[in-house]
Structures are given as C-alpha cells and as structure tokens.
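Subject: Structure handover

Hi,

Here is the structure I promised you. Please open it alongside this email and follow along.

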Amino acid sequence: MSLSPDTRVAVVTGASSGIGEATARTLAAQGFHVVLGARRLDRLEEIAAEIGGTALELDVTDEDSVDAFCAVLPRVDVLVNNAGGAKGLAPVLEADLDDWRWMWETNVLGTLRMTKALLPKLIESGDGLIVTVTSVAAFTAYDNGSGYTSAKHAQAVLHRTLRGELLGKPVRLTEIAPGAVETEFSLVRFGGDEERAAKVYEGITPLVAQDIAEIVGFVASRPPHVNLDQIIVKPRDQADSGRFHRTAQS
Ligand SMILES: NC(=O)c1ccc[n+]([C@@H]2O[C@H](COP(=O)([O-])OP(=O)(O)OC[C@H]3O[C@@H](n4cnc5c(N)ncnc54)[C@H](OP(=O)(O)O)[C@@H]3O)[C@@H](O)[C@H]2O)c1
C-alpha cells in the first residue's frame, strides 16, 4: 500500500456491511484512507472502489489473518473495532457452546488481537484513536442473551482497561454502545431467518448504520485533547436492552 506520508489511515473491521460499511464511507468522506477488513472480500472490494480505500480480507478470529492484514499497513491513525455480532438467543440451560465460542472469539478476542497488533502504530501516529463498538448489551444482562451480553461486557472491559493503561500515550479511546440498529445483525443472530430478524424491528423506528457512522465521524474529528469516553445511543423507541415502545402492525 503506497500512500503519501501525511495521509491518515483508518482501519475499520467488519466493514463489509452495516455499521462498519457506513463508518468506512463516513471516514473516507472525512479524508482518511480507509482500510476495510472482513471475511467477504467481494463486498469489501466494491465499497473500497467507491470510496478510494483498500479492501483486505480479515478474519479477526484467526491469528494469521490478523497478522497478514496488519503487516501491510504503513501507518494507522484510527482503529474501529467493529467486527462482531450475536449468535442465537437461548437460556443458559440450553446454551450452545459453539455459539458462545463464535461470540467470544469475534467480539472479545477479535478486538484483543486487532488492538494488540495495531497499538504500536497507533501510538507512533502521535494522535491515535481506538473506537470500539460494544452495545447496550455491555451494560445490562437480558434473558436468553447471556452469550452475547457476556461477550460485549468482556469486550467493553478490555477497551475500558486501555483508557488507564494508555494514559500518557497519544491514543484516545471511545466506546460506542448502540441499542437496536437495523443491519444484518439479527439475520446473523438467527441463522438467516429473515422473518425472525424482521420481528426485532417491528413497530419501532430503529437506528440505521449511518447514525452510528456519523458518531464515529464526530469522534474522529475532535481535536487531540478531547476524548469522548463512552457514548450510549438508542432509538427513541428503546428504553433498555429489552424494553421497547412498539406500535401495533396492521
Ligand atoms: N445492529 C445492532 O443492533 C447492534 C447493536 C449494538 C451493537 N452492535 C455491534 O455492532 C457491530 C457491527 O454489527 P452490525 O450491526 O453492523 O452487523 P452486521 O451487518 O452483521 O455486520 C457485522 C460485520 O462484522 C463482520 N465480521 C463478522 N465476523 C467477522 C470475523 N470473524 N472477522 C472479520 N469480520 C467479521 C462481518 O463481515 P464478514 O461476515 O464479511 O466477515 C460484518 O461486516 C458488532 O460488533 C455488533 O455486535 C450491533
């Protein structure tokens, strides 16, 4: 990747859809060279071509993939730890260990792998920023959601720990915790069941990916001394993880 030395680079994980894709577009519009990572390279390449970014295959659950991805980055100013999601909705008694492994590997260890690998470059940039997309599930537990809520709590604690460990270093840290955003999230959670996924957003006006992307853009455009620590953002129709105002559907 050959870039002029003063081009600022933003890495967005999970940039092939939803919040990550919208964030990549927003940061590119703000002048960053965006490096988009995810497993579906075809999608990344289309988006990267539109925004003048770089598409690189990335599986955050795979050490070699993370190493190969990070090795080609000339510099990193912004890291958006966004890759993640949920699998299933089951009581603890019926917990599927493979679903748990997927959620922990992707949300928690994926964030750890990417952050560890890119921290030296973020520090070297002189004004690094790490944005981690957690969830309202990082603040509360809800019935049948323990695999996801525990993973998001762990991901958030990893991120929040860095705020202290990096004091004195030129790196800012922002946690963004969204409520319901209509993306492919529920489709993935319910194994491709479109009807079940649609029910999650029935009767509410959910957030859209662009709402979160604009927040990332705002965070990334603050001056270096301003650190937005935590941002919780929900649809007006949502009071808490499982509490919604839904209008009746005809
Ligand atoms: N939607 C919501 O209601 C909501 C609410 C709160 C928090 N969040 C969080 O927001 C983040 C983005 O989710 P979204 O709503 O935008 O859902 P999404 O549309 O399903 O996007 C998830 C992204 O993560 C990527 N991904 C999944 N596994 C990966 C892996 N092993 N390696 C690299 N990339 C991987 C996916 O790309 P590939 O499949 O191509 O790899 C995809 O680009 C997630 O961390 C999610 O937990 C979502």
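Below is what I found, going from the whole chain down to single residues.

Keep in mind that this is a predicted model.

**Overall build**

The protein chain has eight helices and eleven strands. Its radius of gyration is 18 Å, close to the 18 Å that the globule rule gives for 250 residues, so the chain is as compact as a globular protein of that length. The C-alpha trace spans about 55 × 35 × 35 Å along its principal axes. Buried residues account for 42% of the 250 residues. Now take the contacts in the chain with a separation of 6 or more: 71% of them link residues 24 or more positions apart.

**The core**

In soluble globular proteins, nonpolar side chains tend to be buried together. Here the largest nonpolar core has 59 residues. Which of them touch the most other members? They are Val11, Leu27, Leu36 and Ile212. Helix α8, residues 209-220, gives the most to this core, with six residues.

Ile212 is worth a look on screen. Leave aside its neighbours within four places in sequence. Ile212 is then in contact with Ile19, Ala22, Ile176, Pro178, Val181, Leu207 and Val233.

**Around the ligand**

The ligand is surrounded by 31 residues. The closest are Gly14, Gly18, Arg39, Gly84 and Phe185. By class, the shell has 13 nonpolar, 14 polar and four charged residues. Three helices, α1 (18-29), α4 (97-124) and α6 (185-189), each supply at least two residues of the shell. The largest share comes from α1, with three residues.

Arg39, one of the closest residues to the ligand, is found in the loop between β2 and α2. Is Arg39 buried, partly exposed or exposed? It has 16 C-beta neighbours inside 10 Å, so it counts as partly exposed; the buried class needs 20 or more. Beyond its neighbours within four places in sequence, Arg39 is in contact with Glu57 and Asp59. Arg39 and Ser65 are 26 residues apart in sequence, and their C-alpha atoms are 9.8 Å apart in space.

**Two helices with a buried side**

Start with α2, residues 41-51. Leu44, Ile47 and Ala48 are buried there. Seen down the axis of α2, these buried residues fall within an arc of 100°, so they line one face of the helix. They pack against α1, β2 and β3. On the other side of α2, Asp42, Glu46, Ala49 and Glu50 are exposed. Just after α2 comes Gly52, which takes a positive phi of about 70°.

Next is α3, residues 63-71. Which of its residues are buried? Val66, Phe69 and Cys70 are. They cover an arc of only 90° around the axis, which puts them on the same side of α3. What covers them includes β2 (33-38), β3 (54-57) and α4. The face of α3 turned away from the buried side carries the exposed residues Asp64, Asp67 and Ala71.

**Two single residues to check**

Asn144 sits in the loop between β5 (128-133) and α5 (146-165). Its phi is near 70°, a positive value in a residue other than glycine. With 15 C-beta neighbours inside 10 Å, Asn144 counts as partly exposed.

His245 is in the segment after β11 (243-244). Why does His245 count as exposed? It has 12 other C-beta atoms within 10 Å, and a residue is exposed if it has 12 or fewer. Apart from its neighbours within four places in sequence, His245 is in contact with Ile204 and Asp237. His245 and Thr205 are 40 residues apart in sequence, yet 9.6 Å apart in space, C-alpha to C-alpha.

That is the tour.

Best wishes

Key: Residues numbered from 1 in each chain as written. Predicted model: local features only at pLDDT ≥ 70, side-chain atom pairs only at ≥ 80, totals over all residues. Core = buried A, V, L, I, M, F, W, Y, C linked by C-beta atoms within 7 Å. Helix = DSSP H or I, 4+ residues; strand = E, 2+ residues; numbered from the N terminus. Contact = placed C-beta atoms within 7 Å. Near = placed C-beta within 6 Å. Nonpolar A, V, L, I, M, F, W, Y, C, P; charged D, E, K, R; others polar. Rg over C-alpha atoms; globule rule 2.2 N^0.38 Å. Arc of directions from axis to C-beta.
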